[in-house]
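My notes follow in the order I took them.

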Amino acid sequence: MDTRKISDGISVSPQITPDDVSEIAKLGFRSIICNRPDGEGADQPTFDEVARAAVKAGLEARYLPIVSGKVSDRDADDFGQALDALPKPVFAYCRTGTRSATLWSLSQATRLGASEILRATKAAGYDMGGVVRRIVNGGKTPTDNGDARYDVVIVGGGAAGISVASSLQARRSGLEIAIIDPADIHYYQPGWTMVGGGVFDASTTAQTMGSLIPKGVHWIKAAVAAFEPKDDAIVLDGCRVVKYGRLIVCPGLKLDWHRIEGLVETLGRNGVTSNYRYDLAPYTWELVSSMHEGEAVFTQPPMPIKCAGAPQKALYLSGDHWYRNGAINNINIGFYNAGGVLFGVKDYVPALEKYIDRYGAELNFFHNLVAIDGVAKKAWFDVVKPDSAVQRVEKSFDMIHVCPPQVAPDFIRVSPLADAAGWVDVDQSTLRHKTFANIWSLGDVMNAPNAKTAAAARKQAPVVAENVVADIDGKSPIAQYDGYGSCPLTVERGRIVLAEFGYGGALRPSFPKWLIDGTHPSRLAWLLKEKILPPIYWKAMLRGKEWMAKPEKISAN
């Protein structure tokens, strides 16, 4: 018997026999639903046989037979009513379990989000892609799809999405391009570290989405519910369907604040802050500038995260402020990193360690923040050292800067585009999807082993644009991405360690060493971060001007 749990209230399975019923009862189930018509298979027991065994075992049994491939809206309603009425947990079965899983999905469509339903059924081993439009449509068969079609559809209007749209326009005028994104505001997220350090004003990092969408590109202001890559279709909330010739997926990632117990309830007060949110970065500076003694804690979760240096950038700028105003000796700084190293590319570590020493910061590796009590000013970490048992430790704080765990968005993780970890599955060189040849991905959501930074997206956008146009022309990919990413580590106000690297940690400097040596703190690199990069972002990258970002051609050899 192959029992597959979908939720606490229901599990499904392939065909059972009367002999299985006693085991079903022992597992704690209180009801059985049969969704397979009698006589469908020569080796199939009848429902009456199963029902007699159920009565003997003290279980209720219900017969809701469904012809394979013909689950009607009425069937889903009947299943939902049965599920509500029967004692739980319920055990449902058919030939393979798929009909039962489908009925559950449709019956719950008005109660649960599409991503939640798809995630639950996928975890149980059932693909609901064939009924995703009905799930999004509240469990009912759509009567009017209202399809729109574009040559290229881009999911996500962040740095990656707008940049690749502009790069496509620069290469091929006349393409019908659409960007799907529900947001009203576009943020320059690399600036939030500087907001938290008292350098930038938060308002300078935000512009309206409408002002940035390239002229001639259609903006579909909606959220994506699901993908149907076999039909070249995207299902939006409300069950509208958008068709595409080519698809580019770059919605960014999801900050999973809820994964840390107690965090959401205390964010923005009680000394709990994060530069990973626009509205909280100013609070970071408020805490730092008013603190003169006490315990300052900075956390970093397991990888992957966007801008892996950002958690320690907050530490350095805070430490520098306290160093300059003379409070540094009265403040205990602790860096709690779920990983085992200060920075993933060893060439930059010596320079960073000097600043750790300068600010007297204590390094705590393999410490993952799991819970926080803002009122009590306490945080708890799971210490997961190699070959050691997990240990829970408590730490008091006066201020704590939290970097949240980060995952792919829900609608990506449950989609056919995702790998086992939930990220869009691409070839790391061409950024083309490994399964679906007319789909590409870039930015934070795809699974290439590179740093998730805006600088990476700046390099990726021309590569994807070049390869999409080549595909339109019937050619093979012609551009490749080398894994480039940049992390300007703000080690003090006025100096930056400019980390630039590609796949495997290979150094990829943009400037000659005599101008900027990225392995040492540099004033010129600070000038680049403070004065030059923001206008390059707004006026060049988002407008398809590929300064220092020309794609590398794939060698013919």
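**Entry 1, five-stranded sheet.** I find five strands in an open sheet, ordered β1-β2-β5-β3-β4, with mixed pairing. I count two strands as paired if DSSP finds at least two bridges between them. Helices (H or I, at least four residues) and strands (E, at least two) are DSSP runs numbered from the N terminus. The edges are β1 (4–7) and β4 (60–63), each of which pairs on one side only. From one strand to the next the twist averages 25°. I then checked β3 (residues 31–34) against β5 (residues 90–93): the two are parallel and share four bridges. Opposite Ile-32 I find Phe-91 in β5.

The model is predicted, and local features need pLDDT of at least 70, side-chain atom pairs count only at pLDDT 80 or more, and totals for chains, interfaces and linings use all residues. Residues are numbered from 1 along each chain as its sequence is written, and side-chain values use heavy atoms, with hydrogens and water left out.

**Entry 3, three-stranded sheet.** I looked up an open sheet of three strands in the order β19-β20-β21, with antiparallel pairing. Its edge strands are β19 (367–373) and β21 (391–396), each pairing on one side only. The twist here averages 30° from one strand to the next. Between β19 and β20 (residues 378–383) I read six bridges, the strands running antiparallel. The bridge partner of His-367 is Val-383, in β20.

I took α11 (residues 310–325) and α12 (residues 349–358), whose axes come within 10 Å and cross at roughly 45°. Axes are lines fitted to C-alpha atoms, for helices over the stretch in contact, with angles from 0 to 180 degrees between N-to-C directions. Angles under 35 degrees count as roughly parallel, over 145 as roughly antiparallel, 65 to 115 as roughly perpendicular and the rest as oblique. α11 and α12 are therefore oblique to each other. I note the crossing of α11 past α12 as left-handed (the near helix is turned anticlockwise from the far one by less than a right angle).

On a 1 Å grid over the protein atoms alone, a cavity is a set of points where a 1.4 Å probe fits but cannot get out; a pocket is an open set with protein on both sides within 12 Å along at least five of seven lines; lining residues have an atom within 4 Å of a point. Grid points are joined across faces, edges and corners, and a volume is the space filled by probe spheres set on the points. I get two cavities of 30 Å³ or more.

The largest cavity has a volume of about 80 Å³. Its lining has 13 residues, with Arg-458, Met-541, Lys-545, Glu-546 and Ala-549 nearest the centre. α14 (454–472) and α7 (159–171) each supply at least two lining residues, and α14 has the largest share, three.

The second largest cavity holds about 40 Å³. Among its lining residues I list Ile-260, Thr-299, Asn-368 and Cys-403. β16 (294–300) and β19 are the elements giving two or more residues to that lining.

I put the second largest pocket at about 530 Å³. It is lined by 32 residues, and closest to its centre are Met-303, Ala-308, Gly-344, Asn-450 and Ala-451.
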